[in-house]
2 protein chains.
Amino acid sequence: MKKSGHPFDMAEVVTSDCVYKGVLMPSSDSTKIVVKLKSGYNVGLLRKHVKKIEVLEHAKTSKAAAAKKLVERKHLPVISILHFGGTIAAEVDYATGAVVARFTPEELVAKFPEIEQIGNVRSRLIRNMFSEDMRFAHYNLLAKEIAKEISAGADGVIVTHGTDTMGYTAAALAFMLEHLPVPVVLVGSQRSSDRGSSDAAMNLICAAHFISKSNFAGVCVCMHEKSSDDFCSILPACKVRKMHTSRRDAFKAVNSIPIAKVDIKGSLEFVQTNYKRKSKEKVVVKGFRENLRIGMLKVHPNMHAQEFLSYKNFDGLVIEGTGLGHAPVNVIDEQTKEHKKILDAIRSLSKNIPVVMTSQTIFGRVQMNVYSTGRMLQEAGVLGNYCDMLPETAFIKLAWLLSNCKKDDVKRLIGENLRGEISKRTQENEYL
Amino acid sequence: MKKSGHPFDMAEVVTSDCVYKGVLMPSSDSTKIVVKLKSGYNVGLLRKHVKKIEVLEHAKTSKAAAAKKLVERKHLPVISILHFGGTIAAEVDYATGAVVARFTPEELVAKFPEIEQIGNVRSRLIRNMFSEDMRFAHYNLLAKEIAKEISAGADGVIVTHGTDTMGYTAAALAFMLEHLPVPVVLVGSQRSSDRGSSDAAMNLICAAHFISKSNFAGVCVCMHEKSSDDFCSILPACKVRKMHTSRRDAFKAVNSIPIAKVDIKGSLEFVQTNYKRKSKEKVVVKGFRENLRIGMLKVHPNMHAQEFLSYKNFDGLVIEGTGLGHAPVNVIDEQTKEHKKILDAIRSLSKNIPVVMTSQTIFGRVQMNVYSTGRMLQEAGVLGNYCDMLPETAFIKLAWLLSNCKKDDVKRLIGENLRGEISKRTQENEYL
């Protein structure tokens, strides 16, 4: 009785209890067979319990394709793909049955052969990590590698990246890469590329088309616009956010609109017109101080001053206030005595470190002049009035300013638009 | 030359520099005249600099109306309005020019005479506070007052409330008020009621219609569905969130849909069908332990273990993880050595207090089985797998469970649906 198949073969695996139909996953443990079911879940079966494996459809051999040498086409742009990890190139962890980032970039390109028709692809593995593990040091590494690719002639760079913190990284790159002459496109995937419903291929191919066909220079994110495969949105680096845990259209522009829309055949439509064009400038990398400690604190009911004071040894703090940028600082009855301590804590923090207000509503603009609460916070030294910055972008910007500017300049620049992170006016179409 | 007008008169105020057109605001400082401009901003003018005030339109005298005695109409339901504060009944702070909560409930009802046609209105002032100042003690107070109104025969209760933390309060009331036999509707306003664009009247009147015309029992929020005055949404208490700092349609259902839609003329359409109906049950209040300390910590890049450890003396912690419910716990290179400390910190916290995972994406469901990161967090004791609870609702639920249940029950119940805070299935129409 046949008891084997090749990785990525579609097969029926028969045990005494059940027939599992799905994709055979590569397994480093020879005593186990892992099947990815149609539902997306993996089942690990002890080989000794498996009675039969019937291959229904043989997998395309991506490893063989990866070994193929790429032919250079002079009329096509040079597209550099830097691999940093994430679901876009993930497979199953045999130990736990969970998904981990594991593919090499060669295999990645081999899996999506359409890209070869769009550009001359260069591809390198920089890191293979979950994006929740990103630290300032990784931003520095990534920015340097991007600059290296551009200096070596890349007409655009695609960074494959985990989706969890892709918004933060987009903002980080936007601040770090000054005088960027080409597009740098962050691409992720919400479903691993061994799933039928994976968004990996379309996101990657659309990003390549965008590099090839547009005159845009700057950092952006390319992800599904809808849950269907109609087209991808090119989203602004400092105003993009992951808004859903699992949907393919998780990434949305916040207090902004997409820069452009692009489909898998390369049809491109710009939605914004006021963007930086490609140029002959030379990119300059301004990195992060890796030992900085920046906190984020979300205001909630029944807060205690200690929640603020625990950041007293940090280098900066971003508050996610309620509404227009509020915190519990009014003493109105016996129950709110703690609020004086909170105001004192904010005042004492602000004397030593920048404390920046944002809003936990995500959409909209901080306005600390409308209510007396906001005035009290401003008097206590809280920065960020009138800004429509995402809390995540404010976090990145604060760290970057502290890494690159004098203390007084940080306080001034946090409220000035440097990379499209602050819009002067709020438009009707920038909301849900 | 005439140099005065009455509060809320529309007038032109002439100084040597400028002519200000707007609404005259009541001023406790007789040396100043405060004008609310069309833009919504207030300008304070020294009376001695004012050359002339020309009244363009006299204000309706709300104080006179408030003195009028209400006539009881036997065929109409009893609607109790409990006033807790917020912009819905706010005016200008003369000291700062900012908006503060100040109206009495009598004036509030007088300002919106339509309500008298919908029900027999009872109205009481409980607190006049900004909602960012709410503490567990205020939830206890509010729940008791609501129960008192219901025992006294109210067919429904409207609570006027600041919008900043209205979502948290809605969830708190949903947990506190067991066997609720009637609707309790939270109503706020994003623009103060002395502004032309105020949403106060419509939100309040729609709430009264909803109480009068529906058979719903439970806690909900009534706010503008769109930026226009078409209709209001009735939103589920545990799945509602303020998503914009200033728009009138700031409140949205998250991982859910509105319960119903209602317009200012009283036309009512239910969107959900599976809701609790009005009954003859007797409401039971189960309050919060007021000295509880519950933290909320949002995962971000470059975290330090100290950010987790600072909650070691707290009673519970809600983590707003990235993506499916992740935190930086993988040690993959020199830079991520701190991540071992973070995992250890989470493990040591979890030994003593409940640590609950939610997602900062807001929409979607925590799934800590998909990636190895999630498995590690579960092994470290993190709760909340498979839940689609809002972080804000998880915060309230955790505090309420700790107030009312044994330790082991807290761990079990955090993942069980008690008040509509967790949906079993995710529906396509529950996203943006």
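A residue is buried if 20 or more other C-beta atoms, placed from the backbone, lie within 10 Å of its own, exposed if 12 or fewer do, and partly exposed in between. This is a predicted model, in which local features need pLDDT of at least 70 and side-chain atom pairs count only at pLDDT 80 or more, while totals for chains, interfaces and linings use all residues. Residues are numbered from 1 along each chain as its sequence is written, and chains are lettered from A and ligands numbered from 1 in the order in which they are written.

View 1. B:Asp409 lies in helix 11 (residues 407-413) of chain B; helices (H or I, at least four residues) and strands (E, at least two) are DSSP runs, numbered from the N terminus. B:Asp409 has 12 C-beta neighbours inside 10 Å and therefore counts as exposed. From B:Lys36 it is 373 residues away in sequence and 53 Å away in space, C-alpha to C-alpha.

**View 2. The two chains and their contact.** Chain B gives 65 residues to the contact and chain A gives 66, where two residues are in contact if their C-beta atoms, placed from the backbone, lie within 7 Å. On the side of chain B that touches chain A, the elements giving two or more residues are strand 8 (99-101), helix 4 (136-151), strand 20 (294-298) and helix 9 of chain B. Of the interface residues of chain B, 100% are also interface residues in chain A, so the copies meet through the same surface.

**View 3. Helix 9 of chain B and its buried side.** In helix 9 (residues 372-379) of chain B, the buried residues are B:Thr373, B:Gly374, B:Met376 and B:Leu377. Their arc around the axis is only 160 degrees, which puts them on the same side of helix 9 of chain B; the arc is that of the directions from the helix axis to the C-beta atoms. These buried residues pack against helix 8 (338-352) and strand 22 (355-359) of chain B. After helix 9 of chain B comes B:Gly381, with a positive phi near 105 degrees.

**View 4. A three-stranded sheet in chain B.** The open sheet has the strand order 20-21-22 (chain B), with parallel pairing; two strands pair if DSSP finds at least two bridges between them. Strand 20 and strand 22 of chain B are at the edges with a single partner strand each, so one side of each is left without a neighbour in the sheet. Strand 20 and strand 21 (residues 316-321) of chain B are joined by five bridges, and B:Ile294 has B:Gly316 as its bridge partner in strand 21 of chain B.

**View 5. An eight-stranded sheet in chain A.** Chain A has 11 helices and 22 strands. Eight of its strands form an open sheet in the order 9-6-10-12-13-14-17-18 (chain A), with mixed pairing. Strand 13 (residues 218-224) and strand 14 (residues 232-236) of chain A pair in the antiparallel sense over five bridges. The bridge partner of A:Cys220 in strand 14 of chain A is A:Pro236.
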